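This briefing goes with the structure shown below. Please keep the sequence and the 3D view open while reading.

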Amino acid sequence: MILTPADFADTGQWRLVIHVAADGMGAVLRHVSDTSRPAVRLFDDHWEPLEGRSLLERIENSVYEHPGILDDYATEIVVTTPNTTWIPTEILSSGEFMEENVFNEFFPGENEVMTDRVGEATALFSLAPGFDGFMARTVPGARMRSHLAVLAERMLSDAGDGIFTVNIILYRSAVTLVASRGETLLCASEHPVTCQEDVSRAVRKALEAFGEDGEASLVNIFDFNGSTRLAEDLNMELRGITSVRMRELPDTLTSTSLSPAVAITVFKEVTLMTGFFGSEL
């Protein structure tokens, strides 16, 4: 399909997804109602990982170099950052604890905290000092999302009633674990991966920490790297202790270079739990 400038004249017909991390920034447009139209990548900038003021300056430059993202779109900004922790939503709602004080217990020195609520849990996260304020001024009204909250929210929406589930999301050299019991989030965390033992160790810890003796449990494996040996070996190993499903991911989500959280945000209409490879224990 060939798109012309006229196709973008009505900004109300498009959603804008901006994604930001320490090593890059990009933006994608997605039509609100006509999903047959392709997603449009506006830009995709990469740089060596930065932090602090240097990172903020690089982000500012990217925004000013691509002024199209400042048009009046309904916008979500997906922030990928290791500086993320979770807290029960009711604690924040009570007003007894300040977000900054809680966050500083885990990440001392951080003076700017963003929040993303997923049901009874709220993600507290930070990227660079001044980032939240800059984006609020330049892209007013945009919803700020934590990449972990995006993944947790999608996994919870597809969760089985009352079933203890650990979702394993493999992407590049990291694994994200989202554990839930029904629609209650238990944990969402990201871990670096150097070998299969790193993943299996993290999964076993989640099963031990949140599972119960004799409780029916399910492990879903989502391999955003393609059908890798790591996923296959992990499947065989975990089948000895719990029920495992290798989830078949739609090509729409895996055919781009977008991270899982960004791809899921862009292609909201795509269902994750459509099928699986192999058999359950």
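The model is predicted. It holds 14 salt bridges, and its largest pocket has a volume of about 910 Å³.

**Salt bridges between separate elements**

- Glu 269 and Arg 30 form a salt bridge through their side chains, with an N to O distance of 2.5 Å. Glu 269 sits in the loop between helix 9 (260–266) and strand 14 (276–277), while Arg 30 belongs to strand 2 (residues 24–31), so the pair ties together parts that are 239 residues apart in sequence.

**The salt-bridge network**

- One network, built from salt bridges that share partners, takes in Arg 15, Glu 76, Asp 116, Arg 143, Arg 145, Glu 153 and Lys 268.
- Within it, Glu 153 is bridged to Arg 145, and the closest N and O atoms are 3.4 Å apart. Glu 153 counts as partly exposed at 32% relative accessibility, while Arg 145 counts as buried at 3%.
- The side chain of Arg 145 also makes a polar contact of 2.6 Å with the side chain of Asp 116.

**Asp 116**

- Asp 116 is part of strand 6 (residues 114–118). Although charged by class, Asp 116 is buried, with a relative accessibility of 2%.
- Beyond four places in sequence, Asp 116 touches Ala 121, Thr 122, Ala 123, Phe 125, Arg 143, Met 144, Arg 145, Ser 146 and Ala 149. Two of these residues, Arg 143 and Arg 145, belong to the salt-bridge network together with Asp 116.

**Ile 77**

- Ile 77 lies in strand 4 (residues 74–79). Its relative accessibility is 0%, so Ile 77 counts as buried.
- Leaving out neighbours within four places in sequence, the contacts of Ile 77 are Ile 18, Val 20, Phe 131, Met 135, Ala 142, Arg 143, Met 144 and Arg 145.
- The C-alpha atom of Ile 77 is separated by 31 Å from that of Leu 230, a residue 153 places away along the chain.

**The largest pocket**

- Which residues lie nearest the centre of the largest pocket? They are Ala 21, Asp 23, Thr 80, Tyr 171 and Glu 190, out of a lining of 38 residues.
- Strand 3 (residues 40–46) supplies the largest share of this lining, with 4 residues.
- By class, the lining consists of 19 nonpolar, 13 polar and 6 charged residues.

- Ser 157 is located in helix 5 (residues 147–157). Is Ser 157 buried or exposed? Ser 157 is exposed, because its relative accessible area of 52% is over the 50% cut-off.
- A polar atom of the Ser 157 side chain lies 2.7 Å from the backbone oxygen of Arg 154.
- The C-alpha atoms of Ser 157 and Pro 108 are separated by 33 Å, the two residues being 49 apart along the chain.
- Arg 172 falls in the loop between strand 9 (164–171) and strand 10 (174–181). Arg 172 is exposed, with a relative accessible area of 58%.
- Arg 172 has a positive phi of about 55°, although it is not a glycine. Most residues other than glycine have a negative phi.

Conventions: Residues numbered from 1 in each chain as written. Predicted model: local features only at pLDDT ≥ 70, side-chain atom pairs only at ≥ 80, totals over all residues. Heavy atoms only, no water. Helix = DSSP H or I, 4+ residues; strand = E, 2+ residues; numbered from the N terminus. Buried < 20%, exposed > 50% of the residue type's maximum accessible area, 1.4 Å probe, protein only. Polar contact = N/O pair within 3.5 Å; in protein donor to acceptor, adjacent residues only side chain to side chain. Salt bridge = Lys/Arg side-chain N within 4 Å of Asp/Glu carboxyl O. Contact = heavy atoms within 4.5 Å. 1 Å grid on protein atoms, 1.4 Å probe; cavity = no way out; pocket = protein on both sides within 12 Å on 5 of 7 lines; lining within 4 Å. Points joined across faces, edges and corners; volume = space filled by probe spheres on them.
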